[in-house]
2 protein chains.
Amino acid sequence: MLAKSLRKAPVQVVLLDRNNYHLFQPLLYQVATAGLEPDSIAFPLRGIFKRQKNFHFRMAEVESVNAAANILETNIGPIQYDHLVLATGSNTNFFGNKEIEQHAIGMKSLIEAVQIRNYVLKQFEESLLMTDEALIRPKLSFVMVGGGPTGVELAGAFAELREYILPKDYPELPVHMMEVYLIEAGPRLLAAMSEKSSRKTEEGLRKLGVKVMTNTAVKNYDGTVLTLGNGETLRSQSLLWSAGVKGVPVGGLAPDTMIPNGRIIVNEFNQVQGLQNVYAIGDAAQLANDERFPKGYPMVAQVASQQGKNLGHNIIRQIKGKAMQPFKYKDLGSMATIGRHRAVAEFLGLKLGGYFAWIVWMIVHLLNLMGFRNKMVVFINWAYRYLTYDRGTRIIIKRGAANIVKLRQSIDTPVQ
Amino acid sequence: MLAKSLRKAPVQVVLLDRNNYHLFQPLLYQVATAGLEPDSIAFPLRGIFKRQKNFHFRMAEVESVNAAANILETNIGPIQYDHLVLATGSNTNFFGNKEIEQHAIGMKSLIEAVQIRNYVLKQFEESLLMTDEALIRPKLSFVMVGGGPTGVELAGAFAELREYILPKDYPELPVHMMEVYLIEAGPRLLAAMSEKSSRKTEEGLRKLGVKVMTNTAVKNYDGTVLTLGNGETLRSQSLLWSAGVKGVPVGGLAPDTMIPNGRIIVNEFNQVQGLQNVYAIGDAAQLANDERFPKGYPMVAQVASQQGKNLGHNIIRQIKGKAMQPFKYKDLGSMATIGRHRAVAEFLGLKLGGYFAWIVWMIVHLLNLMGFRNKMVVFINWAYRYLTYDRGTRIIIKRGAANIVKLRQSIDTPVQ
C-alpha cells in the first residue's frame, strides 16, 4: 500500500524483501490443509509493480540500520536512504518456551504451510503401517493452540479433512481414532469479536467434532506429550501453534525503541521513537494513539495496509512542505470461517453467522487476493471442493531420500 | 493403467510408490519455467483410486526383489506377492560423466522442476546486483542439452521468458545479454519425428532467438565453463540436461536381466527374463519384439501405458486359464510445442506444424492430464498467459536462510 501510494510521487521507491512475492496470509491455513496450491496465494512483487516506473525491487536480507549515517546494511551491500520504512511483519511467538518452539509447528510463511501439508499427509500414510492403537492415536491427533482466526480456521479444516477426505482416500484408516483439538488460554475463541460470534464459533466447531478447550493453558510439549496448565496430558505428534505473534526485530535501533515482543515504538506518524526519517508500520510497529487499543493496534492486515497508505500520503505531504496527518485506524470488521456453510463475520455494526457469513468470507478473501490468475485458481479450487467434497492438492513434495518414511514398528505384511 | 485394468479382477492390487502422487511429466518443463504450479500436474494416487475397492496404496521405497521366495523387500517391511510388476520408470542419464552430473540440472521429478524455477529466478535477481558484463552474461546464459521434446520445449519456454516476462519484470536487466542455447549431439532435433518436423522446429526456435547447435557433443561442464566436442567453450551458470534417460534399477534381480542403461530385459509378455511372475513395464523394461525398435521401445508414456493395459489383461487371462497375448505397440503419434502459436505434431499419417499443431498439442495435453481440478487450473493458467503474456507462478519458495543470495561483488549502491 505504501509503495503503491507513492507511484506518482517524485521519489525513488526501493522495496527489499527476502522473498520475491507478496503472501496473502489469511489463506495460508488452506495451503496447510491441502485445499490450495502455494502458488495461488503468493504474487510476485515484480509483477505487482511492473507498471510503476519509480519502483525498484531487490531480494535481500536486512542486517541493520545505521540511522546516524542514513544507511541500511543488507546482505547485498549498504543502501543509502532518505526515508526508511520498516515493515518487517511478525513471526510466531512461543513466549520463550524453547521446548515448545522446538517441537511445535508455526504457520507464518509459505514454506511452513507446505511443510505442514507434507507432515500431516505423512502422518496419515504412516498410520496405515501400524496396528498398535497406542501408536496410531497420537499420530492422528492434531492440536491447534490459539483460539484466534488461524486456530479456528485450521481446526475447522482438519475436522473437514476427517469428515470428507480421509474416509475416501484412506478407507483402511481407523478414522474414529483421529482427534482435532483447539486449545485457548483465554475464556473464549475469537476474543476480538463479540461474545455471540465466539459462542457461534465454538458451537460450529463442536458440531464438526472439534474438541474445544478454553481457559486452558499449554505448559509444555516434547513432540509427543502435551502438558496442560492443570497438569493433564494429551498425546499428539502434531502441535500447530498460533497462540501468539511477535514483531520481527531489526538490528541497529536504540534498545529503548523496542518493546519485549519485538515491536518498535512509533508515534502517531509511525516515526520510530527519537528518529525523524525512520518509520515502522504494520505488525512490526507499536503505536498506542487509540484508547481502544492501549497496547497498540492488533497485528492484522487491516492496520498494516491503512498505516502504509497513511505513511505514503505523509511522505508526499513532507515533500510538499505540508504537515503530516496522524494515523487513525478504521476497523472494517473481522471474520473467520469454521467450515462448509459456516462462518462468523462482523462489520458495519452487523453480526453475521452461518451460510451468509460464509459467502461474505469467501467474497472478501477472493477480492483481497492479488491478481486475476490467483483469484481464478482459488475460485476453481473452492468450486471444485464445494461440489466434490474433495481437495485437490494433497501431494507430498519431498526433497531427496532424507524425508522418506523410515518406520518398521509392527509391520510384517502391511496389507493382508 | 495396469491397476485400473485390474479393477474388476478377483485380485488385491497393491501399489507402492515413493511419492503419493502421479506426475504428468510432459508438463514438467512448464513448472520449471514458471508457467504452471507444481500441484496442477500432480494428482494424488489415493484420489485416482478412491472408488477401486481392490486397490491399496502404500508410500514406500523398494529395496530389493527376492524372486525365489516371492517377497519384495521395502523400507516399510517385506511384502509377499503372487505377481510383481516393476514400473520404476527412468531417471536422467549423464552417461557416466560425473562432473556434468554434479553441475548440470536434470528434470525428471517435481522437486527438480521446482528447484529449476527457483534457480532460474535467482539468476535474474542476482544479475541485477552486478555491473560486470563478464559476470552477468554466464548468469543469463541458459543451455539445454538434448534435442528431444524436453529440450525443445524448455528452450522455447526460456526464449519466451526473455521475450515477454523479463522486460516487464526486470526493466533494469540487460536482457540483450541473455542467451538460450539448445545443443544436440545428433544431426537434427526431435529425431523421433520426420525431417520436415525437425526443420520446422529448428526454424521456429531460431525465430524465437534460440541458438540451436546440432551435431554438437558436450564434453564437459564444471558449473561455469561448458566444453563442446570440438574443444570450443561456452560460459553458463545453468546447464539443463535432457540428453538421456536410463532405467531406475531394482536390487535383487539376476545381473544378466539388466542391460547397461538400467532397463530390465523382458519377453513379449513383459515377463522378466527367467521369471514367470515378475514383470517389468514402461521405461524400466527393455522389450525388443518389434523390428522398428530393435533396441527396445522408446521410453515414452505411450509405450508404458499400453504395456500396463496389456499386462493387466494378461494377468486376468492367466487367472481364467487362458494364454497370454504378446504386447504390440501402437504408435499414436508424437508432438512438441515450440512456443506461442508454434508446435509440431505427427499422428494418423498427418504432419502438422504451426498454429493448428499448437492447438492440438494443448488439447491432447489437457485431456491426458488427470483430474478435473488439474485440467481447470492448467487451462486457467494457459488462458491467462495467452491473454496477458504473463506467467503466474514465478515465486521462489525457499527453505530457511541457507539459500539466500550471498553476493557482494561490485555492489555499493545497487540502486542509483
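Modeller: Happy to! One definition to begin with: two residues are in contact if their C-beta atoms, placed from the backbone, lie within 7 Å. Please keep in mind that this is a predicted model, with an ipTM of 0.85 and a pTM of 0.88.

The part I would pick is helix H11 of chain B, residues 372-388. H11(B) has 17 residues and spans 24 Å from its first C-alpha to its last, close to the 24 Å expected at 1.5 Å a residue. Its buried residues are Arg373(B), Asn374(B), Met376(B), Val377(B), Val378(B), Ile380(B), Asn381(B), Tyr384(B) and Arg385(B). What do these buried residues of H11(B) pack against? Their partners are helix H11 (372-388) of chain A, plus strand E3 (42-44) and helix H10 (354-368) of chain B. After H11(B) comes Tyr389(B), which has a positive phi, near 55 degrees.

Elsewhere in chain B, strand E4 (residues 55-59) is also worth a look: five of its five residues are buried. Phe55(B), Phe57(B) and Met59(B) lie on one side of E4(B), with His56(B) and Arg58(B) on the other. Strand E1 (residues 13-17) of chain B runs parallel to E4(B), joined to that strand by five bridges, and Val14(B) stands opposite His56(B).

A word on confidence, taking chain A: its average pLDDT is 91, and 95% of the residues score at least 70. Over residues 400-416 of chain A, however, pLDDT stays under 50. Where pLDDT is low, the predicted coordinates should not be read in detail.

Definitions and conventions:
Residues are numbered from 1 along each chain as its sequence is written. Chains are lettered from A and ligands numbered from 1 in the order in which they are written. This is a predicted model: local features need pLDDT of at least 70, side-chain atom pairs count only at pLDDT 80 or more; totals for chains, interfaces and linings use all residues. A residue is buried if 20 or more other C-beta atoms lie within 10 Å of its own, exposed if 12 or fewer, and partly exposed in between; C-beta atoms are placed from the backbone. Helices (H or I, at least four residues) and strands (E, at least two) are DSSP runs, numbered from the N terminus. Two strands pair if DSSP finds at least two bridges between them. pLDDT is the predictor's confidence in each residue, from 0 to 100. The expected span of a helix is 1.5 Å times one less than its number of residues.
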